Structure formats: structure tokens, C-alpha cells
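Hi everyone, thanks for coming. Today I'd like to walk you through one structure, step by step. Please have a look at the picture while I talk.

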Amino acid sequence: MTIRALVWGENVHERKNRVVAQIYPQGMHQAIADALNADPAIRAGTATLDQPGHGITPQRLAQTDVLLWWGHAAHGDVSDAVTDMVCNAVWSGMGAIFLHSAHFSKPFRRLMGAPCNLTWREAGERERLWLTTRNHPIAAGLPDHFELENEEMYGEPFGVPEPLETVFVSWFQGGEVFRSGLTWRRGAGNVFYFRPGHETYPTYHDATVQTVLRNAVTWAHNPAPRLADPGAAPNVPVARALEPITERGPRLHHDGEDGLR
Ligand code: ZN
């Protein structure tokens, strides 16, 4: 079975900053999609902020098994309608991978329900990532640790809910540490956050990083059919209770009504 991935990139700094454009002449989203397409089991396409509807439609999401999201300069330009659509798709079973500065993206903050803040420094420091477990699928084929010679520093505390699993922790030359690979389940969807990927460094050309991305797509894919209405909250009247019960006490609601939201 081919896993259908969609790499969403805001594609702003690639067009405005010469350094970024030289590292990613086709855009970061295309570099990431190319890395994913090196796995014959993954078929990755791209979408960008400047396309109509940011390149995200209900039809496109319905045909996406795993969405990858990179944004930095234009989080505020992402519409609430697209944010709603992405979160609903995750709750119904689509996998989602948020990369680097996407910790502040609208869909990630909505899914986490937390500030998602951190400390940071742009000084080209060496980042050393350590596996916390050798047998996690996202760490398959990786050494116990690997290094990126130049990266932006992200430091703890990272304002996210306690993850399901911590797959990587990072050390930076300046002394900070950071939980750089974290998983959650949101509704029926698998969510992964992966820290590296500052746009002025060639991080997504790194072979080990590319392995992590391919592993993460495979891990995040939920092969079960999507839930049709992941936010449904149906009323179950007394007459339809599994065991016979007698209604007691006063009540606000009528049988079968939609309820309050
Ligand atoms: Zn950055």
C-alpha cells in the first residue's frame, strides 16, 4: 500500500531570502517531498500558502494519509477555515507531522491546546540528537546519536502537553537541551513533532534527517478508514440504554436533541 503524503510549506523565506533560496531552490516543501519520494512506499506531493485555499481542500485532505507542515514567517496568514479542516482531518485519522518552527503554527497549537512556546537562539550551533529508545519505528535504522553541524537552538521548557512518547532529545553547543522528537494521538490521528529544520541551514538535505522523515510518515499513517464525524456527540435516550434503566430527577434536555456546544 502506498502512503500518500502531502508536504505543506509556507514558501516565504525561500522567495525572499537569498541564503534560503540557494539551499532550497525549489522550496523546502519540495526538498522534503523529494526525500520522502525516495521511499517507493511513499508518494509525496506539495502544497503552499500562496495557492488558493493554501493548497488545502477537503478533497485533498481526504486523499492524504499523512500531512507534513513547515511554517515560520506566516503562521498568522493561515486561515481559520484551513486550520479547522486540518484539525478535523487529524481527529478523523489523518497523520500529521509538524516540523521545526511549525510548533507555533495554528493547527499544531490547536491540536496541542497549549502555548507550544520554547527558548531559542539563531547562532549556527551544533545540535546532537539522541535516541531515547532504539526500537521506536521513527528511529529505525538510526545510530544512537547523530549531529547537525549548524542549527538554530530550541531549548526547554517546551510548552506542549506531556507526549505519548519522546523519541529524540537534543543537546546544543550552548548547553540547552530540548525534546526534539515527540508523539501524540489526537482523536484517531497520530501526531509527530520533529525539531530540526531552520531554513538558513541545509538540514532537510541531511541523510539521517531524511530517514527520520520517511520513518515518521510510515509511523503516522493510520490505515483504518477515516471517522466520518470525529466531533459527533450523540444523545443516547433512556429507551436506548443497553440495560433497562428508569429515568430519575429533573432534566434540561429532550431525547435525541443535539445538545449544547
Ligand atoms: Zn528556525
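Two notes before we start. This is a predicted model, where local features need pLDDT of at least 70, side-chain atom pairs count only at pLDDT 80 or more, and totals for chains, interfaces and linings use all residues. Residues are numbered from 1 along each chain as its sequence is written.

How confident is the predictor? pLDDT is its confidence in each residue, from 0 to 100. The protein chain averages a pLDDT of 97, and 100% of the residues score at least 70. Among the elements, helix H1 (residues 13-16) has the lowest mean pLDDT, 92, while E4 has the highest, 99.

Now the overall picture. The protein chain has 7 helices and 9 strands; these are DSSP runs numbered from the N terminus, with helices (H or I) of at least four residues and strands (E) of at least two. Along the principal axes, the C-alpha atoms fill a box of roughly 70 × 40 × 35 Å. Of the 261 residues, 41% count as buried. Here a residue is buried if 20 or more other C-beta atoms lie within 10 Å of its own, exposed if 12 or fewer, and partly exposed in between, with C-beta atoms placed from the backbone. I'll also talk about contacts, where the C-beta atoms of two residues, placed from the backbone, lie within 7 Å. Among contacts between residues at least 6 apart in sequence, 69% join residues at least 24 apart.

On to the sheet. In what order do the strands of the open sheet come? The order is E2-E1-E3-E4-E9-E8-E7-E5-E6, an open sheet of 9 strands with mixed pairing. Two strands pair if DSSP finds at least two bridges between them. The edge strands are E2 and E6 (145-155), each pairing on one side only. From one strand to the next, the twist averages 25 degrees. Helix H3 packs on this sheet, touching E1, E2 and E3, and its direction makes about 170 degrees with that of E2. A word on angles: axes are lines fitted to C-alpha atoms, for helices over the stretch in contact, and angles run from 0 to 180 degrees between N-to-C directions. Helix H5 (residues 80-91) lies across E3, E4, E8 and E9, running at about 115 degrees to E9.

Let's stop at strand E9. With 6 of its 6 residues buried, E9 is largely enclosed by the rest of the structure. Both faces are covered: Gly189, Val191 and Tyr193 are buried on one side, and Asn190, Phe192 and Phe194 on the other. E9 pairs with E4 in the parallel sense over 4 bridges, and phenylalanine 194 is the bridge partner of leucine 99. With strand E8 (residues 177-186), E9 pairs in the antiparallel sense over 6 bridges. There, tryptophan 184 stands opposite valine 191, and leucine 182 stands opposite tyrosine 193. The hairpin of E8 and E9 has 2 residues between the strands, and glycine 187 takes a positive phi near 60 degrees.

Next, helix H7. How does the span of H7 agree with its 14 residues? At 1.5 Å a residue, helix H7 (residues 207-220) should span 20 Å, and its end C-alpha atoms are 20 Å apart, which agrees; the expected span is 1.5 Å times one less than the number of residues. Because 10 of its 14 residues are buried, H7 is largely enclosed by the rest of the structure. Its buried residues pack against several elements, including helix H3 (28-37), strand E4 (95-99) and strand E9 (189-194). H3 and H7 pack at an angle of about 70 degrees, with their axes 9 Å apart. They are therefore roughly perpendicular to each other, a label for angles of 65 to 115 degrees. At this meeting point, Ile32, Ala35 and Leu36 in H3 meet Gln210, Leu213, Arg214 and Val217 in H7.

Finally, two loop residues. Leucine 142 is in the loop between strand E5 (119-131) and E6, and it counts as partly exposed, with 18 C-beta neighbours inside 10 Å. Not counting residues up to four places away in sequence, leucine 142 touches Leu131, Thr208 and Thr211. Phenylalanine 104 lies in the loop between E4 and helix H6 (106-112). With the same exclusion, phenylalanine 104 touches His75, Arg109 and Cys116.

Definitions and conventions. pLDDT = per-residue confidence, 0-100. Parallel < 35°, antiparallel > 145°, perpendicular 65-115°, else oblique.
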